[in-house]
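Please have the viewer open as you go.

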Amino acid sequence: MADNQQKPNSELEEEILSQLLILEKEFRDHNTLMKNELGQQKELISRLWVLSQRYILLISTGPCCKFPEIFAGPAEETILQEFSDKLKAVKASNCRISVSLKDLRVSHRTFENLCSKLDMNVESPIIQGDAYHKPLAYFIELTSDLFKFFHAWILKLKYTSHLIDPYKCDGIEHYKTLMEPSEDFEEYLNVGLTYCKCLRPKPTC
C-alpha cells in the first residue's frame, strides 16, 4: 500500500527535478542575455551622456537658449536626433530582456505548480536533501527570489529609461547605477542555483 501511495510522489519528484534543471539553465541563459544587453547599453548610455553634455552646452551658449524646441538650429537637431535614436535602442534592449523574462516566468510557474502538488512530508533525497544537495524547499525559495530580483531590475530600468532626456544628466547618471548588479549577485546565482543530475530518480520496471 505504501508503494502505491509513494509512486505518484516519485513521479512528481522526477518531473520537478527535470523542471528544476530546465529552470537552472534558463536562469543562467537569461543572466547571460541580460549581461550582453547591458554591455551594449553601457555604450549607448555613454554616448547619450556625451550628447546631453553637448546639447546643454549648445543651448546655454547659443542665442536661442530660452526656446530651443522652437528655434532649434541644425546642430541642435542633429544632436537631438542621435539622442532619440540611441534612447530607442536602449528601450528596445530592455524589451528583449523583458521577453526573455516572460519565457522564464512560464518555466518558473510550471515548477511552482508541480511543487504545490508534492507531499513535502515524504522522506526522499530530493525533498529532504542530503550531504551534497540542499532540500527542495531551498530551491523553491531561491528560484522565487531570483525571479523577483530580475523582474524588479528590468522594471527599474524600463521606468528610468523614460526619465532620460537631453536637458538633464541626472536621469542618465541614475540609469548607469541601475545597470550594475549587486556585488554578491553573481555568486548567489552561480553557487546557489546548482543541482546535480545524479539525484534524478531511476526509472522503475
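1. Which pattern does the protein follow, read along the sequence? The pattern is α-α-α-α-α-α, with six helices and zero strands in the protein. Helices here are DSSP runs of H or I with at least four residues, strands are runs of E with at least two, and both are numbered from the N terminus.

2. A word on provenance: this is a predicted model, where local features need pLDDT of at least 70 and side-chain atom pairs count only at pLDDT 80 or more, while totals for chains, interfaces and linings use all residues. Residues are numbered from 1 along each chain as its sequence is written, and side-chain values use heavy atoms, leaving out hydrogens and water.

3. Do look at helix α4 (residues 136-161) and helix α5 (residues 170-178), which pack at an angle of about 165° with axes 10 Å apart. Axes are lines fitted to C-alpha atoms, for helices over the stretch in contact, and angles run from 0 to 180 degrees between N-to-C directions. The two helices are therefore roughly antiparallel (an angle over 145 degrees).

4. On the α4 side, W153, K156, L157, T160 and S161 meet G171, H174, Y175 and L178 of α5; contact means heavy atoms within 4.5 Å. The residues of this contact comprise four nonpolar, four polar and one charged.

5. Across the protein, buried residues (under 20% relative accessible area, 1.4 Å probe, protein chains only) account for 38% of the 205 residues. Among contacts between residues at least 6 apart in sequence, 83% join residues at least 24 apart.

Note on methods: Parallel < 35°, antiparallel > 145°, perpendicular 65-115°, else oblique. Nonpolar A, V, L, I, M, F, W, Y, C, P; charged D, E, K, R; others polar. Buried < 20%, exposed > 50% of the residue type's maximum accessible area, 1.4 Å probe, protein only.
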